[in-house]
Amino acid sequence: MLETLLWLFGYQLIGEAFVRGLALPVPGPVLGMLLLFLTLCAKRRVPPGLGDGVSSLLKHMSLFFVPAGVGILAYWSLLEPYLLSLSVVLIASTLITLVGAAALLSWLLRRHTHREGT
């Protein structure tokens with residue numbers, strides 16, 4: 001687990017350094033995760049220490065949503081006037097994500113089937 005946290009926090013720190021150093025309009029953790037993804041793509045494998053620890057973190061994924069839930073409750077009076085627009089945006093973004101993921105899966109399956117057929 002320690003190696004997993006070092007990977008994740010290390011890439012978050014690198015992303016944060018790039019964002020602050022280059023004044024990029026992207027959150028540091030997002031850039032860090034993108035850099036981690038690119039690193040793993042380049043390696044073409046997930047290091048054992050990272051893969052083992054990530055599965056443990058995913059088991060407790062619901063804990064990562066507690067701060068967001070507390071924030072919603074704490075700032076409910078500020079969010080309430082925008083409830084309808086927030087709901088529309090959440091539903092639309094969820095549908096776009098689902099349709100996009102389904103389209104990507106369909107394309108990848110066709111591509112995989114085509115490769116097996118030749």
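## The nonpolar core

A nonpolar core is a set of buried Ala, Val, Leu, Ile, Met, Phe, Trp, Tyr and Cys residues joined through side-chain atoms within 4.5 Å. Buried means under 20% relative accessible area, exposed over 50%, and partly exposed in between, with a 1.4 Å probe and protein chains only. This is a predicted model, in which local features need pLDDT of at least 70 and side-chain atom pairs count only at pLDDT 80 or more, while totals for chains, interfaces and linings use all residues. Residues are numbered from 1 along each chain as its sequence is written, and side-chain values use heavy atoms, with hydrogens and water left out.

Which residues form the largest nonpolar core? There are five: Trp7, Tyr11, Leu36, Leu40 and Leu50. H1 and H2 are the elements that give two or more residues to this core; helices here are DSSP runs (H or I, at least four residues) numbered from the N terminus. Leaving aside residues up to four places away in sequence, Trp7 touches Leu36, Lys43, Pro47 and Leu50, where contact means heavy atoms within 4.5 Å.

## H1 against H2

The axes of H1 (residues 2-22) and H2 (residues 28-43) come within 7 Å and cross at roughly 120°. That makes H1 oblique to H2. Axes are lines fitted to C-alpha atoms, for helices over the stretch in contact, and angles run from 0 to 180 degrees between N-to-C directions. Angles under 35 degrees count as roughly parallel, over 145 as roughly antiparallel, 65 to 115 as roughly perpendicular and the rest as oblique.

On the H1 side the contact includes Trp7, Leu8 and Tyr11, and on the H2 side Leu35, Leu36 and Lys43 are among the residues met. By class, the residues of this contact are 11 nonpolar, five polar and two charged.

## H1 against H3

H1 and H3 pack at an angle of about 95°, with their axes 7 Å apart. That makes H1 roughly perpendicular to H3. Glu3, Thr4, Trp7 and Leu8 of H1 make this contact with Gly49, Leu50, Gly53, Val54 and Leu57 of H3.

## Two loop residues

Most residues other than glycine have a negative phi. Ala23, in the loop between H1 and H2, has a positive phi of about 55°. Ala23 is exposed, at 65% relative accessible area.

Arg44 sits in the loop between H2 and H3 (48-59), and its phi is near 65°, also a positive value. Arg44 is exposed, with a relative accessible area of 76%.

Definitions and conventions:
Ala, Val, Leu, Ile, Met, Phe, Trp, Tyr, Cys and Pro count as nonpolar, Asp, Glu, Lys and Arg as charged, and the others, Gly among them, as polar.
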